[in-house]
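Hi,

Here is the structure I promised to pass on.

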Amino acid sequence: MNINEQLSITKSLIILNETISTCSFTKAAARLGMQQPNVSAAMHELEEKLGVKLFSMVPHGVVPTEAAHELNKYALQLKAMFHSVQNYSLSSHQYSGAIRLWMTDGLGSFCLARQMTEFCKQFPDVKLEITCSNETPNILSRETDIAIVYKEPRSSGSVVISKHNVVFGLFASAEYVARHGYPQSMDDLLENHYICDRKEYNTEWSVWDSLLKKSQKTIAYSNSTNILTQLTKLGLGIGLHPVNSGNSEKDFVQVLPEFTLEHPYWLVSHIDAKDTPKIREMLNKLKEIMNKL
């Protein structure tokens, strides 16, 4: 196999991986900066070359076959190799290059925006690539170097660094309290006060879901922690927020402080990346931050 054939197969595997990730030739093309017909043609060409069917057409997308999933294992190895080469340095992976972080938008807002300044000043040559999502990343394919996730990962390529519990409480703005007063009890909150909620909270906590079903004035929902924080700041209603971050908000007031909920988070890393100096420094910093939540 000459170099052109090797490059062709490499390109086809990268396209295959993106198509499996998106279940769409169109979305894969957008991610790769290609035209959709070129992506489709590349997959058909790979099918003919290997004598296997890779995708079945369905309305609004494609479904990968078992053969596609088997080939994708090689694509994942390629992506991991490319990431390692991109971050390689002759000084044994010192403090330069990129660190890819994956976490919820709430933790991204409160952990990164407020508490990562010290790390960035200490290691100015390290670029942070931050993805905020409630989904669990594919650590085996090096989709990220470090992740903070709701569920303990089971991937063979990941290793749990630490587990933490984040305590949540009810907060209102000073303006809201001035207009509506403090709720005197949970019944008072549910009957007489406005509540702003994040949709995921209802599925994460059955007790919160049960309470919200009794609420007479749930005024706003959002799937974003940032939006929920802004709604609470603007005095629209009372919302659930991490106690540590809520107490750090200048205009926030904790109400019904006896009511709290806890949620576990796992700090994880790729098993091959965790001991490189820049990743180790970032993990130590994140553990320090998470221990305060």
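Helices and strands here are DSSP runs, numbered from the N terminus: helices are H or I with at least four residues, strands are E with at least two. The model is a predicted one, so local features need pLDDT of at least 70 and side-chain atom pairs count only at pLDDT 80 or more, while totals for chains, interfaces and linings use all residues. Residues are numbered from 1 along each chain as its sequence is written, and side-chain values use heavy atoms, with hydrogens and water left out.

**Salt bridges**

Side chains of opposite charge can pair when their charged atoms come close. I call it a salt bridge when a side-chain nitrogen of Lys or Arg is within 4 Å of a carboxyl oxygen of Asp or Glu. That rule gives 10 salt bridges. Below are some of them, with burial noted as well: buried means under 20% relative accessible area, exposed over 50%, and partly exposed in between (1.4 Å probe, protein chains only).

Take K285 and E288, which pair with their closest N and O atoms 3.6 Å apart. They sit three residues apart in helix α13 (residues 277-291), so about one helical turn separates them. K285 counts as buried at 10% relative accessibility, whereas E288 is partly exposed at 38%. Salt bridges with shared partners also bring in E118, joining E118, K285 and E288 into one network.

R179 and E175 make another pair, with 3.7 Å between the closest N and O atoms. Both are in helix α7 (residues 174-180), four residues apart, again about one turn of the helix. R179 is partly exposed at 47% relative accessible area, and E175 is partly exposed too, at 43%.

Then there is E18 with R31, where the closest N and O atoms are 3.1 Å apart. E18 belongs to helix α1 (residues 3-22) and R31 to helix α2 (residues 25-32), so this pair ties together parts that are 13 residues apart in sequence. E18 is buried, with a relative accessible area of 13%, but R31 is exposed, at 55%.

**Around α2**

Which residues of α2 are buried? They are F25, A28 and A29. Looking down the axis of α2, the buried residues fall within an arc of 100° (taken from the directions from the helix axis to the C-beta atoms), so they line one face of the helix. The face turned away from that buried side carries the exposed residues T26, K27, A30 and R31.

What covers the buried residues of α2? The cover includes α1, α3 (36-50), β1 (55-58) and β2 (61-64), going by contact, meaning heavy atoms within 4.5 Å.

Both ends of α2 are worth a look. Just after α2, G33 has a positive phi of about 70°.

T22, in helix α1, also belongs in this part of the story. T22 is buried at 13% relative accessibility, and its side chain reaches the backbone oxygen of E18 at 2.8 Å. Setting aside neighbours within four places in sequence, T22 is in contact with K27, A28 and R31.

Most residues other than glycine have a negative phi. C23 is not a glycine, yet its phi is positive, at about 55°. C23 lies in the loop between α1 and α2 and is partly exposed, at 35% relative accessibility. L256, also not a glycine, has a positive phi of about 45°. L256 lies in strand β10 (residues 252-270) and is buried, with a relative accessible area of 6%.

If you open the model, you could start with the E18 and R31 pair, then turn to the buried residues of α2, F25, A28 and A29.

Cheers

Key
Polar contact = N/O pair within 3.5 Å; in protein donor to acceptor, adjacent residues only side chain to side chain.
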